[in-house]
Amino acid sequence: MYEEQSRDGVSTETLLREQLKVMKRQLRLSRLGTGIAGIAVIALIAALVLVVPQAVQSLSSANRLLNELEDINLTETIKDIDELAKSSQQDMSQTMDKLNQLDLDSLNAAIQNLENTTRPLADLFGR
């Protein structure tokens with residue numbers, strides 16, 4: 001082949017070989033970059049295919065729950081709970097009054113009289 005000398009004393013063929021090496025290295029790097037980008041796109045698409053349906057389902061459930069909460073009349077429910085608490089408090093107060101009105105001495109005397117009455121029957125039946 002015909003060799004020409006450049007100004008630096010390096011042949012054109014040597015320069016072309018160096019340029020070819022650099023271009024091959026650039027080609028490999030561009031292929032590698034394209035492959036990585038392709039893998040990233042495939043991974044992104046797979047993630048979207050897996051995540052989007054679940055996100056849509058979650059949003060649908062949240063929307064349904066919010067609609068149910070809108071249907072509930074919160075002030076009326078709180079009013080009903082308050083009335084229930086008041087009536088329960090009144091019932092407890094009435095029960096405590098009745099318990100306080102019990103004459104425990106009379107109750108104990110009645111229990112003692114019942115025991116005295118049933119003891120002979122228990123002895124009769126061998127108990």
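This is a predicted model: local features need pLDDT of at least 70, side-chain atom pairs count only at pLDDT 80 or more; totals for chains, interfaces and linings use all residues.
Residues are numbered from 1 along each chain as its sequence is written, and side-chain values use heavy atoms, with hydrogens and water left out. Local features need pLDDT of at least 70 and side-chain atom pairs count only at pLDDT 80 or more, while totals for chains, interfaces and linings use all residues.

Start with the fold. The chain has three helices and zero strands. From the N terminus on, the elements run α-α-α. The radius of gyration is 48 Å, well over the 14 Å that the globule rule gives for 127 residues, so the chain is more spread out than a compact globule. That radius is taken over C-alpha atoms, and the globule rule is 2.2 Å times the number of residues to the power 0.38. Along its principal axes the C-alpha trace spans about 140 × 50 × 25 Å. Helix α1 covers residues 12-71. Helix α2 takes in 74-101, and α3 takes in 104-124. Helices here are DSSP runs (H or I, at least four residues) and strands likewise (E, at least two), numbered from the N terminus.

Next, the surface. Of the 127 residues, 1% count as buried. Buried means under 20% relative accessible area, exposed over 50%, and partly exposed in between (1.4 Å probe, protein chains only). The chain exposes about 12,000 Å². Carbon and sulfur atoms supply 62% of that area. Accessible areas come from the Shrake-Rupley method with a 1.4 Å probe; for residues, only the protein chains shown count as cover.

Now the charges. The chain carries 13 positive and 18 negative charges, and their mean positions are 21 Å apart. Lys and Arg count as positive and Asp and Glu as negative, with His and the chain ends not counted. Each charge is placed at NZ of Lys, CZ of Arg, CG of Asp or CD of Glu.

The structure holds four salt bridges. Each is a side-chain nitrogen of Lys or Arg within 4 Å of a carboxyl oxygen of Asp or Glu. In α1, K21 and E18 sit three residues apart, about one turn of the helix. Their side chains meet at 3.9 Å, N to O. E18 is partly exposed, with a relative accessible area of 44%.

K86 is partly exposed at 48% relative accessible area, and D82 is partly exposed at 38%.

In α3, R119 and E115 also lie four residues apart, about one turn of the helix. Their salt bridge has an N to O distance of 2.4 Å. R119 has a relative accessible area of 44% and is partly exposed. E115, at 34%, counts as partly exposed.

Finish with the nonpolar patch. M96, L99, L102, L104, L107 and I111 form it on the surface, with about 580 Å² of accessible area together. Patches are made of residues with over 30% relative accessible area and no salt bridge; like charges are joined within 9 Å, and nonpolar side chains (Val, Leu, Ile, Met, Phe, Trp, Tyr) within 5 Å. Helices α2 and α3 each supply at least two of the patch residues. Helix α3 gives the most, with three. I111 lies in α3, and its 48% relative accessibility makes I111 partly exposed.
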